[in-house]
Amino acid sequence: MDENGASHVCTWSRASGRSVRDVLRTYLGILVVLHLVLNTEASAASKSCDKSCFSGKCMNGTCVCDHGWVGDQCQHCQGRFKLTDLSGSLTDGPVNYKYKTKCTWLIEGFPNAALRLRFNHFATECSWDHMYVYDGDSIYAPLIAVFSGLVVPESRGNETVPEVVTTSGYALLHFFSDAAYNLTGFSIAYSINSCPNNCSGHGRCSTANSVAGRVYCECDEYWKGDACDIPYCRDNCGSPDHGYCDLTGEKLCVCNDSWQGPDCSLSVPSTEAFWVLPSVKPSAQSLGRASHRALVHSGLMWVVGGYSFNYSNYHMVLNYNLETSTWDVVPVSSGPLYRYGHSLALYQDDIYMFGGKLESGSANVTDEMWVFNIPRRTWSPRKPAPPPPYALEGHTAHVVELADGEPVMLVFFGYSPVYSYINKVQEYNIRKWLL
């Protein structure tokens, strides 16, 4: 190339170089500005919180809470939660729950699955702060449990951590606290279609021969119960000196003549009392209830009244056969209204029921006297002669014979809506219907 051509090329290259340097300077300047801006924002955003955030994120030195959580550390539940995992847990928070707390958890499984709730820790103000458990996805579903107070495991290795089971595949839990006092709250684990207490380490979870594909425990030898937590023969019944383990029939300890008790550990005679858990066949009729009354007549335990969460499947009178370990509903065409806190007393073939708190009607606490004849399975009212008795609940009654052989029913103490708690004993003459 000639000299002019070379000069032209050289001149173009120097001009191009100056242009590139200018662009780079501008670009670098922009990068520096962006870096300063971003670094400033990041520094502000990364400003640490004074305390850790339990259920939220720290932003600019403040805890921003997740949905359903409140507090300076997002440490208190206060809202609604939906849980859809097959297993998990729920809690009110890591510290004492708040005053005036309302928290609701909806656990969604799948229809007709067994959903287990295990109350590993529970401590609330008794009778004021409550946890309600519904077998379904709303408060219109059956209420199956209400917890308030303390859950404290017992000694001797007994399994006392309560486990609540819903069969709809869903569970709604609602916690409410008042404005006065608070405790450490609760920690509840849940699982869908799992075995109770994981079979307590004494069996395996199986779906063989189960209803609707649900799992159940196949227990190891010497263990029984839904959770394989009941030993057939504790300490092998003290064999061979105290007794032996019979693995046929009821599968329990058979004690030698000088020993007694479920594990043949108590001598005969003994000043110690002991409990025995019979093999009671499950029954839909034996609906859970409280403040009911029971008495035994001719091999049958009669259960009358009581408080229940759901009265759709409620029966006023049940009996339990002590020999066959079975429940039976006693159909009664007419009779007293549902009640609890009443009293029962037995005289010959008649059960005398007095007072109690009614589940319906304008008068909460009643002074009614009803007699249930066991052979005929019928109720009939009794109207004592004046003066009228005190209307009571929470009292007791006993039939005794006076010196002249006259049978009377003595009603001890109780709560009156007019006079509060009373210390009086009322006497009812059975033959004369007199008070």
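A salt bridge here means a side-chain nitrogen of Lys or Arg within 4 Å of a carboxyl oxygen of Asp or Glu. Arginine 431 lies in the segment after S36 and glutamate 406 in the loop between S32 and S33, so the pair ties together parts that are 25 residues apart in sequence. Strands such as these are DSSP runs (E, at least two residues), numbered from the N terminus. Arginine 431 is exposed at 52% relative accessibility, whereas glutamate 406 is buried at 14%. Buried means under 20% relative accessible area, exposed over 50%, and partly exposed in between, using a 1.4 Å probe and protein chains only.

A word about the model itself. It is predicted, so local features need pLDDT of at least 70 and side-chain atom pairs count only at pLDDT 80 or more, while totals for chains, interfaces and linings use all residues. Residues are numbered from 1 along each chain as its sequence is written, and side-chain values use heavy atoms, leaving out hydrogens and water.

An open sheet is formed by three strands in the order S32-S33-S36, with antiparallel pairing. Its edge strands are S32 (396-401) and S36 (425-429), each pairing on one side only. Two strands pair if DSSP finds at least two bridges between them; S33 (residues 407-412) is joined to S36 by five. Within this sheet, methionine 409 stands opposite tyrosine 428 in S36.

Glutamate 163 meets arginine 118 at 3.7 Å, N to O. This pair links distant parts of the chain, with glutamate 163 in strand S11 (residues 163-166) and arginine 118 in strand S8 (residues 115-123), 45 residues apart. Glutamate 163 is partly exposed at 28%, and arginine 118 is buried at 17%. Salt bridges that share partners join Arg116, Arg118 and Glu163 into one network.

Finally, visit serine 206, which sits in strand S14 (residues 203-206). Serine 206 is buried, with a relative accessible area of 7%. Leaving aside neighbours within four places in sequence, serine 206 is in contact with Cys195, Arg214, Val215, Tyr216 and Glu218, where contact means heavy atoms within 4.5 Å.

Definitions and conventions
Helices (H or I, at least four residues) and strands (E, at least two) are DSSP runs, numbered from the N terminus.
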